[in-house]
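I opened the model today to look up a few helix contacts and the nonpolar cores. Here are my notes, in the order I took them.

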Amino acid sequence: MHSRTRRTALGTTALGLTVALAACSSGEPADGDRLDNGDLSTVSIGVHSGWDEGIAVSALFSAMLEDEGYTVESQEADPGVVYTGLTGGDFDVNFDMWLPSTHADYLEQYGEEMEQLGVWYDDAKLTIAVNEDAPITSLDELAEHADEFDNRIVGIEAGAGLTRIAQDQAVPAYGLEGMELVVSSTPAMLAELKGATDAGENIAVTLWRPHWAYDEYPVRDLEDPEGAMGEAEEIHTVGRLGFSEDYPTLTKLIEALTLTDEQLFSLENLMFNEDGGGDPTGSAEAWLEENPDFVTDLKAAAGV
């Protein structure tokens, strides 16, 4: 359902990682490969290509775990490849399963071959957003005020689920046929959002939570009383079968993980906007330096 700004898959060099992916499927590590906390010393993370929140949280855990003495490896791939690799033992964990809707097919297909490890974000959703000082608060007001938004809703890629939902569900639900739904690209939409908010002009865009734009620009979501954009979803972490036995301490950390909008949006903004997305783990390390209580609080919540 979601489109994200696509990037080249991050290999081990780009993420500052040191172990080849194939190593994780070479057999059960010996007890000597365990850390003092009982976890296996190597963990592999499957990351959905272009899904910024998953890249961000994966990099955050890479940075945290490497500080704790783990060897972390990470690789990006399309969601179907990630879940196939997870259930086949090529990956240990994935931080970005959207439920109950977006990844429902993958859950149905692979659910019995995965461990559910917890929900770290519970307000993931498709939205139509406007500048913070816009004269309306709800989608059911947009048609009446269309002129104030130049009769345009600035969208993203034609093939994105967000574009389809906006066009097929939101437009008829709220009588927006008189407005142009501009089909462009995610970078083009963000450029228009930046230009309008910098100039103090009204703008309506298709957007989604979580996204760093909420941290960078003065924007807010329009209310959706008809539920045309769909209900909020949860972002789950899933592991291969046997994950909690092989990583008892890491499992507790994952189960305790929650990120507020402020934390997640600031992490994404630093990683993808300010730093350009070229070194997610480096950006995560910088974010942890700026948020020194994060790991301490997470360990306390996990009881480790």
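Entry 1: I started at asparagine 269, which sits in helix H9 (residues 261-274). Helices here are DSSP runs of H or I with at least four residues, numbered from the N terminus. This is a predicted model, so local features need pLDDT of at least 70 and side-chain atom pairs count only at pLDDT 80 or more, while totals for chains, interfaces and linings use all residues. Residues are numbered from 1 along each chain as its sequence is written, and side-chain values use heavy atoms, with hydrogens and water left out.

Is asparagine 269 buried or exposed? Asparagine 269 counts as buried because its relative accessibility is 2%; the cut-offs are under 20% relative accessible area for buried, over 50% for exposed and partly exposed in between, with a 1.4 Å probe and protein chains only. Leaving out residues up to four places away in sequence, I found asparagine 269 touching Trp212, Asp215, Glu216 and Glu274, where contact means heavy atoms within 4.5 Å.

**Entry 2: H1 against H10.** Next I checked helix H1 (residues 52-67) and helix H10 (residues 280-290), which pack at about 70° with axes 8 Å apart. The axes are lines fitted to C-alpha atoms over the stretch in contact, and angles run from 0 to 180 degrees between N-to-C directions. That makes H1 roughly perpendicular to H10, a label for 65 to 115 degrees (under 35 is roughly parallel, over 145 roughly antiparallel, the rest oblique). On the H1 side the contact includes Ile55, Ala59 and Leu60, and on the H10 side Pro280, Thr281 and Trp287 are among the residues. I noted nine nonpolar, two polar and two charged residues in this contact. Nonpolar covers Ala, Val, Leu, Ile, Met, Phe, Trp, Tyr, Cys and Pro; charged covers Asp, Glu, Lys and Arg; the others, Gly among them, are polar.

**Entry 3: the cores.** Which residues touch the most other members of the largest nonpolar core? They are Phe61, Trp120, Leu142, Leu250 and Phe294, out of 83 residues. Such a core is a set of buried Ala, Val, Leu, Ile, Met, Phe, Trp, Tyr and Cys residues joined through side-chain atoms within 4.5 Å. H1 gives the largest share of this core, nine residues. A second, separate core has eight residues, including Tyr83 and Phe91.

**Entry 4: H8 against H11.** Last, I saw that the axes of helix H8 (residues 248-256) and helix H11 (residues 293-302) come within 8 Å and cross at roughly 105°. H8 and H11 are therefore roughly perpendicular to each other.

Notes. Helix = DSSP H or I, 4+ residues; strand = E, 2+ residues; numbered from the N terminus.
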